[in-house]
Amino acid sequence: MRKFLDSLRILGAPLTFGSIGKTSEGREIPFVIASRPVVATPAAARSLGRPIVYVQGNIHAGEIEGKDALLALIRDLTFARKPNALDSIVLIAVPIYNADGNERFASQSINRTEQNGPELVGVRANAQNLDLNRDYVKAEAPETRASLAMFNVWDPDVFVDLHTTDGSFHGYALTYSPSLSPAAELGGVYARDSLLPVLRERMRMRDGFEVFDYGNFVSDERGLVADTSVREAWATYDSRPRFGTNYYGIRGRIGILSEAYSHDSLSRRIAATYAFVNEILSLVAEKGAAIRDLSARADSQPLSWGRAPDSVAIRSALTATPRSLEVIKEDLLTTGDSTRTQPGVPRGERRTGVYKKIRMPVYDRFTSTLDRLPPAAYVIAPQDTAVVTLLRLHGVRVDRSDSAWTARGESFTVDSIITSARPFQGHHEVRLKGSWQRGLQTLPPRSFIVSTAQPRGSLIVYLLEPESEDGFTTWNFFDSSLKKGGKYPVTRIFDLSRRGRATIRRSSASSLQQPLN
Ligand SMILES: [Zn+2]
């Protein structure tokens, strides 16, 4: 891959080459920026007034076709004489995001058991054995921290993450998903209802590929379908922001997951991924004004929360009202022996090439099960500096108070701490139950103040609310401050305007109870 990029450089391709950062083993993670005219800095990109699209390949390093497809697409678009999407967008391509995992080559039968070749592929995890597509909230991997830094400085309008499926035998060359979190209010809905249906039609008409919303048959994998009377259905995966494209939606932007079909040949997977990314770029180019307007609206919405707060979904469930749609399924036959008929096909079964359209419930979206109104600000205890570092990594502005102050607000009393028994990604995930109590809050000097009136306000609410299903509490950042019956270390404040005028008299504890303004 690096040689391919070098060859583009030697040929004088008008591209900007760089690195988003280094992996834990010290490898550079290259990026390529393609646009006409070529840009080298975020300021130059912004001055073009175009949508910025960030496409990432190889987050799971055994799922390799995104890497190949991206390289081919950059080459073809850059050297094309005719006008194309590069005249109307800025493309940031990160073809080999999990660069360490990519070097751990082994047989597909070990590294990617459900994939139809090639014989040698990398592994899913990074060198720290972290799944990078579960790391977007806690950001423990240097790869994640590097990509968050890229998101903060380039502020892409669209993020596309390229994968290969693991599951069902369906009839689609590629399946896709928008941001599934109900907290991804603008970008999630826009991608789902306005972009992806058009992309599906264009993939069929212009590129010859059937594509559909990502999912698995419930008969293969029950997933999150709660209704046990449902015997067959098509159901999507998860709405939580540990997954990159869900995370990106809560940042107020568009996230698109692309999953090439693991049972197709490598060449077909590359062709489908190439076509899908190409169609995304050209559709984003066409809808440039609408997409940039969407980004601007997402950023300005929290600024008016003081007048009209808008609730943020912090917990969600798979919809209980699926649509009924036709889904293409391939018949598999039992062979009667235990031979493997194709890499990735279970022993004792063979594919038939017979595809059937079956009408079934389709669970492709989530609904909120717990909403929270944003306060004016969250205040974080002075000792919780790790949380503040992480918030800043997520592109959140955090201030610090000079003096003690008192303000109207709410504090959360923890009634129960539910810790998952099984570790996941090295963590025992935490869930809190409890209740909020209103009253005057006394805030010590050097407290950290996180105003929600800033871009990414929804993300702030999602990460800091104690009951969030995938926030900082989930990933153990507050463990040392949590005890049953105790206070959660983040306080909600209703009004920031009087901060700074408040002064605390040290002589008497009772003065802390007085409103000082
Ligand atoms: Zn994957």
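**Exercise 1. State the volume of the largest cavity and describe its lining.**

Solution. The largest cavity of this predicted model has a volume of about 130 Å³. A cavity is a set of points, on a 1 Å grid over the protein atoms alone, where a 1.4 Å probe fits but cannot get out. Grid points are joined across faces, edges and corners, and a volume is the space filled by probe spheres set on the points. The model is predicted, so to speak of local features requires pLDDT of at least 70, side-chain atom pairs count only at pLDDT 80 or more, and totals for chains, interfaces and linings use all residues. Residues are numbered from 1 along each chain as its sequence is written, and side-chain values use heavy atoms, with hydrogens and water left out.

Step 1, residues: 16 residues line the largest cavity, and those nearest its centre are Ile 250, Gly 252, Ala 298, Gln 301 and Ser 458. Lining residues have an atom within 4 Å of a point.

Step 2, elements: at least two lining residues come from each of helix H7 (185-205), helix H8 (244-250), helix H10 (288-300) and helix H12 (457-464). H7 gives the most, with 3 residues. Helices (H or I, at least four residues) and strands (E, at least two) are DSSP runs, numbered from the N terminus.

Step 3, classes: the lining has 6 nonpolar, 6 polar and 4 charged residues. Ala, Val, Leu, Ile, Met, Phe, Trp, Tyr, Cys and Pro count as nonpolar, Asp, Glu, Lys and Arg as charged, and the others, Gly among them, as polar.

**Exercise 2. Count the cavities of 30 Å³ or more, then describe the second largest cavity.**

Solution. Step 1: the count comes to 2 cavities. Step 2: the second largest cavity has a volume of about 30 Å³. Step 3: its lining consists of Tyr 176, Ser 177, Pro 178, Leu 180, Asp 213, Tyr 214, Thr 236 and Asp 364. Strand E8 (residues 174-178) gives the most to this lining, with 3 residues. Step 4: by class, the lining has 4 nonpolar, 2 polar and 2 charged residues.

**Exercise 3. Describe the largest pocket and the second largest pocket.**

Solution. Step 1: the largest pocket has a volume of about 560 Å³. A pocket is an open set with protein on both sides within 12 Å along at least five of seven lines. Of its 26 lining residues, Arg 134, Tyr 214, Glu 221, Tyr 237 and Phe 243 are the closest to the centre. Strand E7 (158-164) and strand E12 (254-260) are the elements that give two or more residues to the lining. The lining divides into 7 nonpolar, 8 polar and 11 charged residues.

Step 2: the second largest pocket holds about 260 Å³ of space. It is lined by 17 residues, with Trp 305, Gly 306, Pro 374, Pro 375 and Ala 376 nearest its centre. This lining has 11 nonpolar, 3 polar and 3 charged residues.

**Exercise 4. Classify the packing of helix H1 (residues 2-10) and helix H3 (residues 65-79).**

Solution. Step 1: the axes of H1 and H3 come within 11 Å and cross at roughly 10°. Axes are lines fitted to C-alpha atoms, for helices over the stretch in contact, and angles run from 0 to 180 degrees between N-to-C directions. Step 2: H1 and H3 are therefore roughly parallel to each other, a label for angles under 35 degrees. Step 3: Phe 4, Leu 5 and Leu 8 in H1 meet Leu 71, Ile 74, Arg 75 and Phe 79 in H3, where contact means heavy atoms within 4.5 Å.

Note on methods:
Parallel < 35°, antiparallel > 145°, perpendicular 65-115°, else oblique.
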